[in-house]
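I set out to record what I looked up in this structure, entry by entry. The sequence and the coordinates are shown first.

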Amino acid sequence: MAGGNERSMKALKEVWKRAENSLCADCGKPDPDWASSTLGVFICLSCSGIHRNIPSISKVKSLKMDYWDDAQVQFLAKHGNAVTKAIYEAHIPIYYYQPTYNDCQVLREQWIQAKYERKEFTEPGKQLPYSDGVKEGILWKRGRDNGQFLPRKFFLSEREGCLKYFTKQDAKEPKISVKIDVINATFQPEKIGNPNGLQITYLKDNKTRNIFVYHESGKEIVDWFNAIRSVQFHYLKVAFPIASDNEIKNRLTRNFLKEGYMEKTGPKQREAFKKRWFTLDHRRLMYFKDPLDAFAKGEVFVGSGENGYSVQKGLPSGTQGNFSWHYGITIVTPDREYLFTCETETDQLDWIRAFTSVINQAMTPQEYASKCLDVVSF
């Protein structure tokens, strides 16, 4: 910390050391070393960059490198993360997705702007753009066959319990109408190649269908995301009246546990290994020829350890298929073994950790029901 008298520096360190200020106020990252002198929150370097984009509301300074005068230190001491959160996060809808430091930029930007700039959560019962139970608008959707992004009209309805999209704005019949309880949505900026890219997935005939969309406005795409969560929440409240709000919240949209390339071989385990894009969505392991394919070429159900599922490092001795990657993984199921290879040991260990986290969880009755999904082309 450059400059400042000893008393001011000591006071700043004391406030900084409070337990409430040990995590970034916006994304939860440990050991934040920046703060807003106008809001009184302790934040990480990444979130401080977002705060700089709202200079009329937040002035950020480094806790290590910048000078803090007595008045600014006193302001921090009087506020801090707990007091400020109590003001700006007082009435967050339970379905609203609160991003962490692992989430993409657009989610964190809109979360910070919603809190401090738009003050969406300071008053009870405030009308929010994602809380009406209905949303309609244009999203750019990737064509299933030609790969081009074209504007399409989307319509979300809590009353109808579905999400629809239309190929033309004046079309009376939707191209697709999907029940809200089988939808998932997760941000995929890198995969889609747009900072506001959203992947919407749903089950069709017990197989996963992907839709890739984006909007030029970060606010609009995040509003769509939270509108989907809002409609899902209210739909599930009716479907499961005795479930707690937190139980229902845990059944809303989810991020994939792991994605990336692996090589795979066929059921005879003598075929050449082929490079494919894999997605682990809780107990569904899907593989695609291309990350932006609309449909998976195959899916494997990953059950629990108590039901005979396990993951092993390496391949069975005597594996005959030709493979160019040498870090093997074997998934053991009650019916057969599935063999994969990874390019690096880091990838191998990451995948094993992801599989293990799923296998260690007990299966729910709904997961027992979904166990009968078809495995195609594996």
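Is cysteine 162 buried or exposed? I found cysteine 162 buried, with a relative accessible area of 6%. Buried means under 20% relative accessible area, exposed over 50% and partly exposed in between, with a 1.4 Å probe and protein chains only.

I noted the basis of these values. This is a predicted model, in which local features need pLDDT of at least 70 and side-chain atom pairs count only at pLDDT 80 or more, while totals for chains, interfaces and linings use all residues. Residues are numbered from 1 along each chain as its sequence is written, and side-chain values use heavy atoms, without hydrogens and water.

I then looked for disulfides (pairs of cysteine sulfur atoms within 2.5 Å) and found zero. Cysteine 27 is in no disulfide, and its nearest cysteine sulfur, that of cysteine 44, is 3.7 Å away. Cysteine 27 is buried, at a relative accessible area of 7%.

I next looked up the domains, whose bounds come from an automatic or database domain assignment. The chain is divided into domain 1 (1–117), domain 2 (134–250) and domain 3 (258–376). The C-alpha centres of domain 1 and domain 3 lie 42 Å apart.

My last entry concerns two helices, which are DSSP runs (H or I, at least four residues) numbered from the N terminus. In α5 (residues 105–117), Val106, Leu107 and Gln110 meet residues of α7 (residues 218–239), including Ile221, Val222 and Phe225. Contact here means heavy atoms within 4.5 Å.

Conventions: Axes fitted to C-alpha atoms, helices over the stretch in contact; angles between N-to-C directions.
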